[in-house]
Amino acid sequence: MAFDGTVIANIVYDMKRLLIGGRIYKIYQPETDELLLVIKNQKETHRLLLSASASLPLVYFTSENKANPMTAPNFCMLLRKHISNGRITDITQPGLERIVEISVEHLNEMGDLCHKKLIVEIMGKHSNIIFVDDKQMIIDSIKHISNNISSVREVLPGRDYSYPPQQDKIAIYDMTPQWLENVLLTKPLPLQRAIYGSLSGISPLMAGEICYRAGLDGGDAAASVGPQDAMRLYGELIRLKTWLSDGTFAPNIIYQGKEPVEFSSFPLEGHADKESISYDTISEVLEHYYAEKEVVTRIRQKSTDLRKVVSNALERTSKKYDLQSRQLKDTDKKDKYKIYGELLHTYGYDVKPGQKELKCINYYDGNEITIPLDPQLTSLENAKKYFDRYNKLKRTYQALITLVEETGQELAHLESISNSLEIARDENDLSMIKDELMEYGYMKRHFTGKKKQKVKSKPFHYISSDGFHMYVGKNNFQNEDLTFKFANGKDMWFHAKKMAGSHVIVKLETADELPDRTYEEAARLAAYYSKGKNAPKVEIDYTERRNLKKPPQAKPGFVIYHTNYSMNIEPDISGIQEI
């Protein structure tokens with residue numbers, strides 16, 4: 001994600017279109033570092049949010065009202081005094097900097113026309129909202145920056161306002177072919193870094209997109225770009241400059257599955273492999289993006305404890321499985337010791353006292369074999385020693401073969417729970433996973449004296465392009481219910497081969513057979529909701545529900561089947577409609 005100069009240019013474009021000539025009707029300060037301006041223009045009301053939050057500074061139009069403190073903060077009262085009912089005369093963005101200047105004219109107490117500016121600086125933890133007069137003197141700011149905080153620039157009432165340091169960057173509007181050749185392409189940096197390190201307001205995301213459109217690798221050295229490549233690069237930069245100047249914006253959000261991963265004011269051709277959703281305005285993009293991102297973040301935060309429990313159990317079980325597997329492999333020697341003992345019984349009469357080895361014919365394969373001997377023991381005693389080793393390894397093998405199988409099943413169970421955590425969307429999903437962890441002893445169950453009602457969450461529900469309903473289990477309990485309670489015998493079942501993942505059920509309803517396209521879409525769902533989500537392709541097994549059986553004492557969601565088909569498919573669910 002990149003709230004860079006190109007996105008701000010898009011916001012400024014919308015602000016000019018909607019706000020110039022409008023009057024500031026109300027001013028609120030819902031947070032210590034946030035303003036909400038209500039502006040009326042041509043019988044329409046607009047709410048503009050200005051945030052100087054260190055973690056998420058933003059400027060955008062919002063449709064929501066925020067709760068406000070009972071007593072307005074001093075900065076809010078100052079703005080109400082000066083610019084309440086003021087008329088917005090201009091909105092500008094210097095260069096392509098992450099700065100928005102809102103020019104306001106108003107009448108003072110004497111009835112004289114005055115001009116002020118509200119300047120919003122979007123610069124991470126250094127973000128600020130600064131109120132200046134017509135002589136660029138700071139009247140006040142939402143954050144006071146003294147010399148003790150920053151030796152570069154003070155932001156205090158009575159000081160002259162100056163722009164933040166440029167850091168040797170230029171605006172894309174000032175770019176020339178000579179600058180590209182003599183400055184940008186001489187930097188000892190990868191090309192992508194050289195672009196966003198030389199042009200103000202260009203983020204790494206946009207720099208990468210420029211490289212992609214020019215057919216260049218952003219990781220290559222800037223100095224390695226040849227004349228022809230430089231011409232293509234300059235052409236793409238000019239194209240971006242033209243789009244910015246003409247206001248040719250196309251706000252969009254890029255999704256990886258259901259999770260928003262990027263947003264931009266221009267089409268991102270470098271992310272053509274992901275789903276892109278377009279919006280009418282950049283403000284809609286920001287509202288949707290951060291609202292959806294917040295849901296994902298909140299669920300991740302709430303699942304932190306569960307993730308830690310599963311991670312620790314996975315690590316512990318993996319170590320146990322590896323140790324048991326190594327010990328089991330060591331028991332492969334048992335048959336060799338048995339043969340040594342039998343051959344010593346057969347050929348032992350040839351062994352002389354003090355002999356260290358015996359060479360004889362192995363009557364099992366007809367080849368000569370060398371048997372090491374303990375010179376202190378007789379041939380019968382050596383034979384007994386080998387039989388003792390054989391019997392000990394045999395007992396170890398019989399014990400370990402069961403333990404390794406049980407530990408392997410436990411590991412697969414934990415990996416399935418881990419996958420459930422990855423696809424959980426709400427607290428009900430997490431609650432079901434927590435119940436499973438407590439049921440199988442990975443977490444302690446706390447008794448409160450009251451009988452706790454079991455929480456139910458619904459599986460994902462999709463509809464194929466051919467109109468067939470497809471259901472995806474979010475966790476093992478849901479997988480169990482979908483497969484053995486919800487599905488009918490002729491319904492189709494899909495699952496990633498030999499890896500943790502969701503059960504996918506396709507209801508046939510009255511149809512006798514699924515179309516090929518529905519088979520592929522169901523397989524894509526099974527691939528996406530599995531541990532192979534990030535692989536180029538995933539092998540998917542599919543069969544009729546009636547071919548599945550649950551082994552005795554098996555964990556929830558675990559099945560066996562012997563009649564199935566398979567296909568390799570990309571884990572991409574873009575274009576599949578979710579209900």
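This is a predicted model: local features need pLDDT of at least 70, side-chain atom pairs count only at pLDDT 80 or more; totals for chains, interfaces and linings use all residues.

Me: Where is Gln136 found?

Reply: Gln136 sits in the loop that runs between strand S8 (128–132) and strand S9 (138–141).

Me: And what is its phi, about how many degrees?

Reply: Phi of Gln136 is positive, about 65 degrees, although the residue is not a glycine.

Me: Is Gln553 buried or exposed?

Reply: Gln553 counts as exposed, because its relative accessibility is 81% and the cut-off for exposed is over 50%.

Me: What about Gln42, buried or exposed?

Reply: Gln42 is exposed, with a relative accessible area of 72%. Its place is the loop between strand S2 (34–41) and strand S3 (44–51).

Me: How many Å separate the C-alpha atoms of Gln42 and Met231?

Reply: The separation is 46 Å, and the two residues are 189 residues apart along the chain.

Me: Now a glutamine in a helix. Where does Gln324 lie?

Reply: Gln324 lies in helix H8, which covers residues 304–330. Gln324 is buried, because its relative accessible area is 9% and buried means under 20%.

Me: What does the side chain of Gln324 make a polar contact with?

Reply: The partner is the side chain of Thr407, at 2.7 Å.

Me: Changing topic to pockets. How much space lies in the largest pocket?

Reply: The largest pocket holds about 1,000 Å³. Its lining is made of 40 residues, and those nearest its centre are Arg98, Ile122, Met123, Gly124 and His126.

Me: What is the lining of the largest pocket like by class?

Reply: There are 18 nonpolar, 12 polar and 10 charged residues in the lining of the largest pocket.

Me: Where does the largest share of that lining come from?

Reply: Helix H7 (residues 282–302) gives the largest share, which is 4 residues.

Me: And what volume has the second largest pocket?

Reply: About 800 Å³ for the second largest pocket. The number of lining residues is 28, with Ala412, Gly557, Phe558, Val559 and Ile560 nearest the centre. By class, the lining of the second largest pocket splits into 12 nonpolar, 11 polar and 5 charged residues.

Me: Which elements each supply at least two residues of the lining there?

Reply: For the second largest pocket, they are helix H10 (379–423), helix H12 (476–486) and strand S17 (492–496). H10 gives the most, with 5 residues.

Me: Back to helices. How many residues of H13 are buried?

Reply: H13 is mostly covered, with 10 of its 13 residues buried. Among them are Thr518, Tyr519, Glu521 and Arg524.

Me: What should H13 span?

Reply: Helix H13 (residues 516–528) should span 18 Å, because its 13 residues are counted at 1.5 Å a residue. The C-alpha atoms at its ends are 18 Å apart, which agrees.

Me: How far does H11 reach from its first C-alpha to its last?

Reply: Helix H11 (residues 427–439) reaches 18 Å, close to the 18 Å expected for 13 residues at 1.5 Å a residue. Its buried residues include Asp429, Leu430, Met432 and Glu436.

Me: What caps the N-terminal end of H11?

Reply: Asp426 does, with a side-chain oxygen 3.1 Å from the backbone nitrogen of Asn428. Just after H11 comes Gly441, which takes a positive phi of about 80 degrees.

Me: Last topic, cysteines. How many disulfides does a search of the whole structure find?

Reply: The search finds 0 disulfides.

Me: Is Cys76 buried or exposed?

Reply: Cys76 is buried, with a relative accessible area of 0%. Cys360 also counts as buried, at 6% relative accessibility.

Notes:
Residues are numbered from 1 along each chain as its sequence is written. Side-chain values use heavy atoms; hydrogens and water are left out. On a 1 Å grid over the protein atoms alone, a cavity is a set of points where a 1.4 Å probe fits but cannot get out, and a pocket is an open set with protein on both sides within 12 Å along at least five of seven lines; lining residues have an atom within 4 Å of a point. Grid points are joined across faces, edges and corners, and a volume is the space filled by probe spheres set on the points. Ala, Val, Leu, Ile, Met, Phe, Trp, Tyr, Cys and Pro count as nonpolar, Asp, Glu, Lys and Arg as charged, and the others, Gly among them, as polar. The expected span of a helix is 1.5 Å times one less than its number of residues. Buried means under 20% relative accessible area, exposed over 50%, partly exposed in between (1.4 Å probe, protein chains only). A disulfide is a pair of cysteine sulfur atoms within 2.5 Å. A polar contact is a pair of N or O atoms within 3.5 Å; within protein, one must be able to donate a hydrogen and the other to accept it, and residues adjacent in sequence count only if both atoms are side-chain atoms.
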